[in-house]
Amino acid sequence: MSQEKLAKEIVELVGGEKNVESLVHCATRLRFVLKDDAKADKAKLEKTEGIIAVKENGGQFQVVVGNKVPEVYSAIGQISNILDDSSDKEKPRKAAKGLGGIIDIISSIFAPLLGVMAGAGILKGLLLIASNIGWLETTETTYKILYAAADSLFYFLPLLLAVTTARKFQGNMFVAMTIAGALIYPSIVALKAEGTPTDFFGIPVILMNYSSTVIPIILAVIVMSKLEKFFNKTLHDSVKNFVTPLFLLVIMVPLTLLVFGPFGVYVGNAIAAGLVAAFGFSPLLAGAVMGASWQLLVIFGIHWGLIPVFINNVAVYGQDGVKPAATASIFAQTGAAFGVMLKTKNKKLKTLAGSSTLTALFGITEPAIYGVTLPLKRPFIAGVIGGAVGGAIIGQAGTLAFASGAPGLLTLPIFYGPGGQGFPGLILGIVVSFVVSAVLTYIMGFKDPVEEETKTESAASTEQSVRAADALDEVVFSPIEGTIVELSEVPDPAFASGAMGKGIAIEPAVGRVVAPFDGTVTVAFKKKHALAVVSDTGAEILVHVGVDTVKLDGQHFTSHIKEGDRVRAGDLLLEFDIAQIKAAGYHTVTPIIVTNSANYEEVIPQAKGNVHSQEMLLKLYSGKGQE
C-alpha cells in the first residue's frame, strides 16, 4: 500500500480531518490528539495493512506504523491541512488531565526533536571516541567544526523547545523563540559568567546558565500562550498584531529570568540529583528495574516522563547514568524477536520476526513488540527478564550517557566517555540481555500458528485441497505480459513478506496493465503507479507497478481510469514506460496482490515462466463449498 493511500485511510479512520486537533510523530508512531476519540474506528485501523498497532495513551490516539512514519506523516500533510498551523480549526477538545495530560504535553513537545537529537547525539559520541583515542585533538579546527554541528542542538535547545511548546499550546512560536533567545543572549550569558550583581528595577535576578535547559522555557512558553490569548481578546484588532508581542516580551523575559528560570533549573537539578542518588544507592538494583521496565513504560507511553530527565541530566552534569540501563531493554526485546525467528516454523511469522529484529537493533522496537513478542506473550516476558539481567550489569558497571539519542547500535558511541569507563559493561549488558532473551524465548516457547497454516501444505491435506477445488470463487487473469516472479523475491518487504496479502509478481515485458476480471476500479492512485480493482464476486486485486515508483510522482505513467469506473476483463487500465522507469533507477517488477486474501482458503498461482496478458494467473478458493 502506498504511503498516500495509507495516510488517507488513517485520516478517515481517526474520524476525518475535522476530528484532529493536532498531530506529531516520533520514531514509529503518529501521535494524534483527537477532538472526539469515539469517532475513531480503532478496530478497522488495527486491521489496515501497514499499521502495526493502535494505542490510546496519555490523551493521545497513537497509530504505530514503524520506520515509515516520516513518509506517512508527510503524506498526511499533503492530503490534508492537519499539519498547517495557519489553518482555521474548530474549538479543540478539553485537554486530558492528570498523568495522561502531562504525558501528552511532554510527548508533543519532545517527539518532533527525537530524530535530530539522535543524529546529533551519534555525532557527539563519535567525536568523544575520536578525541579519547587520539584520532582528533579538541584543539583542531576540524574537531571544533564537527563539535559545533553536534552540540548546537543541545546548546540552543531552549529555542527548539520554544517552537514545539508554542505549537502545542497554540502560541506565537516567533515570540516564544525570542524569549528563549533572550535567555542565552551573549550579554545575559556574560553577566552570569562574570558574576555581575543583576537586578530588574531593583528586584534581584538570580542568573542561571540556560543553554541546554528544558524546564524553564517550557514553563515560560505555557504562560506566554495564556497571556497571548488574553491580550488578543482584549486589544483592538488594529493594534493587537504588534502590541501583543510587545507586551509579551516586556512581561515574559523579565518574569522568566526572575521566576520561571531559577524555579525550572532548581526543579531539574532536584530530579537529576534524586535519580543519581537512586543509582548511587544500588546501581545493580536500579539498573535491573530500568532494564526490565523500560519497554513496559514505552507500551503505556509513560517513558515520555523520563525523556526530559535524561536530557536535563546531560545538561546539568554533562552525563546521564539512567538511560544506559534502558538500552538493555531495547536489546532484550530484540533478542526475544530473534528467538521467535529461530523457533517458529511459520514462514510469515519468521519473516516478520527477522525484519523486526533488524529494525529493533537500531532502537525501533515497536514492530518487534506489537508484531511479535507481545502477541505471543512468553517472548515478551523473556525480554523483560533479559532486560533486567542486562540492566543490572550496565547499572553495576556505572555506564554513562554523554549525549542524547534513542538507544540502539548506531547510538552506542554516546555511551563512550573519557577512558571508555563503563563502556565495556554496556557492551556486556546488551549482549547478555540479547542472548538471555533469545534463549529463554526458545526454551519457553510460544503458541506457534504454524500448525494450522501448514496443514494445507502437508500430504495429509490432499483431500482438503480437492474438496476446496469444488468451491472455486474467482479466476484472476494476468493484467500484464511478462515473466513470473515469486512474491518473496520482490525487493520490498511489505510485498515479499506477504503482509499486503497473497499473490504473485510479474517482471513486465510490455508496459500495459489491463483489467484482470469484470469489476470496479476502487482505487486509482494520483501518482498513477498502482491501482486496485474489485471483482463482481468480491475479489480485491492490487496491481503495483514497480518498487518505490510512487517517488516518480506520476512520470512515465498514463492512467486510463478513475475511481468508480466499471471495467471488463482485458480493458486497458494503465500504461507505463518500462525503459524510462528503469533509467530512473527503479525496479519494474510488479506485484499482483489479493488484498483480501484472508477471505480465501487458498490463493493458487497458475502460471510459470512467461505469461501473456489475460492468461489465467491465480485461482481463489474460499472452501465454502465444503459446508
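Student: Where does lysine 528 lie?
Tutor: This is a predicted model. In it, lysine 528 lies in the loop between strand E11 (519-524) and strand E12 (530-535). Its phi is near 70°. That is a positive value in a residue other than glycine.

Student: Why is lysine 528 called partly exposed?
Tutor: Compare its value with the two limits. Lysine 528 has a relative accessible area of 32%. Buried means under 20%, and exposed means over 50%. The value falls in between, so lysine 528 is partly exposed.

Student: Which loop holds histidine 556?
Tutor: Histidine 556 is in the loop between strand E13 (540-544) and strand E14 (557-559). It is not a glycine, yet its phi is positive, about 75°.

Student: What makes histidine 556 buried, exposed or partly exposed?
Tutor: Its relative accessible area is 26%. Buried needs a value under 20%, and exposed one over 50%. Histidine 556 therefore counts as partly exposed.

Student: Which residues line the largest cavity?
Tutor: Lysine 528 comes back here. The lining is Ala524, Phe525, Lys528, Ala530, Leu531, Ser559, Ile561 and Leu574. It divides into six nonpolar residues, one polar and one charged. Lys counts as charged, so Lys528 is the charged one.

Student: How much space lies in that cavity?
Tutor: About 40 Å³. The structure holds one cavity of 30 Å³ or more.

Student: What makes tyrosine 155 and phenylalanine 156 an aromatic pair, and of which kind?
Tutor: Their ring centres are 4.9 Å apart. The limit is 6.5 Å, so the rings pair. The planes stand at 80°. Over 60 degrees counts as edge-to-face, so that is the kind. The structure holds eight aromatic pairs. Ring pairs also link Phe230, Phe231 and Phe247 into a cluster.

Student: How do you know that the charged end of lysine 343 sits over a ring?
Tutor: The ring belongs to tyrosine 442, and the charged end is 4.7 Å from its centre. The distance limit is 6 Å, and the charge must also be within 35 degrees of the ring normal. Lysine 343 is listed as sitting over the ring.

Student: Which residues touch the most other members of the largest nonpolar core?
Tutor: Phe110, Leu157, Leu161, Ile217, Met224 and Trp294, out of 65 residues. Helix H11 (residues 240-281) gives the largest share of this core, eight residues. A second, separate core has 34 residues, including Phe517 and Phe576.

Notes. Residues are numbered from 1 along each chain as its sequence is written. This is a predicted model: local features need pLDDT of at least 70, side-chain atom pairs count only at pLDDT 80 or more; totals for chains, interfaces and linings use all residues. Side-chain values use heavy atoms; hydrogens and water are left out. On a 1 Å grid over the protein atoms alone, a cavity is a set of points where a 1.4 Å probe fits but cannot get out, and a pocket is an open set with protein on both sides within 12 Å along at least five of seven lines; lining residues have an atom within 4 Å of a point. Grid points are joined across faces, edges and corners, and a volume is the space filled by probe spheres set on the points. Rings of Phe, Tyr and Trp (its six-membered ring) pair if their centres lie within 6.5 Å; planes under 30 degrees apart count as stacked, over 60 as edge-to-face and the rest as tilted. A nonpolar core is a set of buried Ala, Val, Leu, Ile, Met, Phe, Trp, Tyr and Cys residues joined through side-chain atoms within 4.5 Å. Buried means under 20% relative accessible area, exposed over 50%, partly exposed in between (1.4 Å probe, protein chains only). Helices (H or I, at least four residues) and strands (E, at least two) are DSSP runs, numbered from the N terminus.
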